[in-house]
Structure formats: C-alpha cells, structure tokens
Amino acid sequence: MWILGIDTSCDDTGVGLVQDGRVVANQVASQTLLHQHYGGVVPELASREHVRVIDGLVEEVLRQAGLGVEKLDLVAATRGPGLIGALLVGFTYAKGLAFALRKPFVAVHHLEGHIYAALAEHPEVRPPFLALVASGGHTHLFEVPAWGVYRLLGATLDDAAGEAFDKSARLLGLGYPGGPEIERLAAQGDPARVPLSVPLQDQEGFSFSFSGLKTAVARALEKGHAPADIAARFQEVAVEHIAQVVGRAARKTGLTTLLVTGGVAQNQALRARLQGMGLRLCFPPRGLATDNGAMIALAAWHTLGRCSKSNLHLPAAPYLPL
Ligand code: KG4
Ligand code: ZN
C-alpha cells in the first residue's frame, strides 16, 4: 500500500512516500533562509512558500519511487497543531489530491507523526512506553499505555526545548536552527566555567521550563563568559533537565521504554545522557527527527486499523490536543 504524507505545520514543506510502512522517499524544503532576516517564522511568507514548492516536492518523491500518481492508495496530511495558514496549504492540497484520485484521505496529528518516526526503526516496540517529543514548538512527555492512547504527563511551562536552543543561539550570535550550532560550539567549551542551574529540580511533577535558561545565557554573556563555555553549560543543563524529568517519569510509571523524537532528539549530548539511564531508547532514524512528510505517512499507515478515513469537511486545527 502506497501512502503519500504531507506536513506543512510550520516552516518546512515535507512530503514523504511510504510503502507498507517502509519509507521510500522523503523530501523536505526548508524555509530557513526565507525567514532568517526576520528573526522568526513569518506566517504569511511560510504559507506562500508552501504553496510555491508543494507540487514540485510531490512530483519529486513520486519520481524517486518511479510511481505514477494514480498508484497512490491513500493521501495523509497534518491537521494540526501548527500555523493555520501553513497547515491549510498541505491539508487542502492533500484533500484535493485524494478527491481527484478517488482515494481515501487521512488527517494526522503532528505529534503522532513524530512518535511514529521514532518507531520507524523499532517495529518490535509495543506499548506501554514513554514518549518525549522535543522540538522547536513542543516539549511534551506522554505515557502511552496502548496504541492510540496518549496521557500527557508534562509539558513545557514556557519555551519549548528547541526554542531555547534557538533563542540562546541567537544571543550567542549563532545561526538558525540553533540546536546544531550550539552543539558544535559546545564541543569547544568548558561547561564548568559558567554557573547555570538546572530548572525545576525540586518539582514532584513532570513539567519542563527553559525560559530561565535563556535569560541566564544573556546574563552570562554580559558577565563576559566565553560563548563556547556558555554554549557548553547551556547544553549540559538543558540535557540534564530533560533527563531528570524523564527519569522521574520512568520511576513513577515503572516504564522502561522511552521514545525520544522531534528535532532535539538529534542532540548527541542528550542521547549520551539518556543512554546512561538504563532505559530502552528509541530515536528516529536520520532525516525523520525534524519535521517531514514520511512521519505523517507512517502515522497514517500504523493507525489505519484504528482510524477510518477522514471526512473532506474536516477543518485544519492550529490548536489540537493529542
Ligand atoms: O521537529 P522540528 O523540525 O520542528 C518542530 O516541530 O518544531 O525541530 C526543530 C527544532 C529546532 O528548534 C532546532 O534548533 C532543534 O529542533 N534541533 C536541535 C538539534 N537539531 C535540531 N536541538 C538541539 N540539538 C540538535 N542537534
Ligand atoms: Zn514538529
């Protein structure tokens, strides 16, 4: 079964093709250069850029797979959450394509897409497990007791983890996205030289908080600490914070399998820290951690038995709980 998956939730146009649960092609058009002059994503520019590139990306993935469009069995797209104008482009395109081909259309939750990306190389994993989605827009820790059941244990009280990397990178004069830039600079720094404390160490729950860290980065810069040392300490503390919350959740729930997904899952320091916790870890394969279309097709494939095809009247949803 051939599934086309489309994600236009924010500033990346993602189109992927999955055959019987296996990723065959996955193309992402990044809008980083378009938005970088503005210091953040400009929603209207994002929508217009999705419109400009989406058809070409669909043609490209079909060409890579040597597949005629009429051979598609199903078209899936992100319904939400995200920027409404951006979401509407991929969502409406997918509906139109499904309608024209007389094939089913399936609406997918963006975070469910991230979760199935982490399962791509771990087909043996079954619930119950913990799932951490850490990206530029989300820091959500779920308990997944059964397929399709998501209990939110905790989320960020302020900035998302990736957002903290991005904002701190900007303060340090680095480029966007900030995660890889900070990771690179941190390798040259000494974290012990900068006093920055781990957020919410005494909490009983599973919340995250990153905005204080960003402020502490600004203060450390004012005090004259070297950017590489600040980057190293920022990363160490952000990773430690995530590890502490996840560790507490594992102890409290008794769960021993952890999925880590979203752009921040690419961070090697985070992976190394989590690896030492005695948990069974699942990370997305290369190219599937950050936003993409294949993860949407994967989610559609895995949830087909549970969710029927979506009605073409279903609206896109900028705020959509999982
Ligand atoms: O999943 P994603 O593409 O977008 C959202 O759904 O938001 O994640 C992008 C985020 C950015 O904030 C980026 O800085 C962060 O993931 N990121 C990283 C790394 N690579 C990407 N953060 C830390 N370390 C990395 N290596
Ligand atoms: Zn995402």
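**Entry 1: Gly 179.** I looked up the burial of Gly 179 first: Gly 179 is buried because 27 other C-beta atoms lie within 10 Å. I noted the scale, with C-beta atoms placed from the backbone: a residue is buried if 20 or more other C-beta atoms lie within 10 Å of its own, exposed if 12 or fewer, and partly exposed in between. The model is predicted: local features need pLDDT of at least 70, side-chain atom pairs count only at pLDDT 80 or more, and totals for chains, interfaces and linings use all residues. Residues are numbered from 1 along each chain as its sequence is written, while chains are lettered from A and ligands numbered from 1 in the order in which they are written.

I then placed Gly 179 in helix H6. Helices (H or I, at least four residues) and strands (E, at least two) are DSSP runs, numbered from the N terminus. Apart from neighbours within four places in sequence, Gly 179 is in contact with Gly 162, Phe 165, Gly 263, Val 264, Gln 266 and Asn 267. Contact here requires the C-beta atoms of two residues, placed from the backbone, to lie within 7 Å.

**Entry 2: Ser 135.** I found Ser 135 in the loop between strand E6 (129–134) and strand E7 (139–146). Ser 135 is also buried, with 24 other C-beta atoms within 10 Å. Residues up to four places away in sequence aside, Ser 135 touches Ala 160, Gly 162, Gly 262, Gly 263 and Val 264.

I consulted the UniProt record, an unreviewed entry, which lists both Ser 135 and Gly 179 under "binding site", together with Val 133, Ala 134, Gly 136, Gly 137, Asp 166, Glu 183 and Asn 267. The UniProt positions are given in the numbering used here, feature names are shortened, and annotations may be inferred rather than shown by experiment.

**Entry 3: ligand 1.** Which residues come nearest to ligand 1? Of the 20 residues around ligand 1, I recorded Gly 136, Gly 162, Gly 179, Gly 263 and Thr 290 as the nearest. A residue is near a molecule if its C-beta atom, placed from the backbone, lies within 6 Å of it. Helix H5 (161–171) and helix H6 (178–186) each supply at least two residues of this shell.

By class, the shell has five nonpolar, eleven polar and four charged residues. Ala, Val, Leu, Ile, Met, Phe, Trp, Tyr, Cys and Pro count as nonpolar, Asp, Glu, Lys and Arg as charged, and the others, Gly among them, as polar.

Why does ligand 1 lie between the domains? Domain 1 (2–115 + 288–303) and domain 2 (126–282) both give residues to its shell, so ligand 1 lies between them. The domain bounds come from an automatic or database domain assignment.

**Entry 4: the two domains.** The centres of domain 1 and domain 2, taken over C-alpha atoms, are 27 Å apart. Nine residues of domain 1 are in contact with 14 residues of domain 2. On the side of domain 1 that touches domain 2, helix H4 (residues 110–118) gives the largest share, three residues.

**Entry 5: a second annotated group.** UniProt (unreviewed entry) also lists His 110, His 114 and Asp 291 for "binding site". They are spread over 182 residues of sequence, yet cluster in space with a largest C-alpha distance of 8.7 Å.

I placed His 114 in helix H4, and found His 114 buried, with 33 other C-beta atoms within 10 Å. Asp 291 is in the loop between strand E10 (280–282) and helix H10 (294–303). Asp 291 counts as buried, with 28 C-beta neighbours inside 10 Å.
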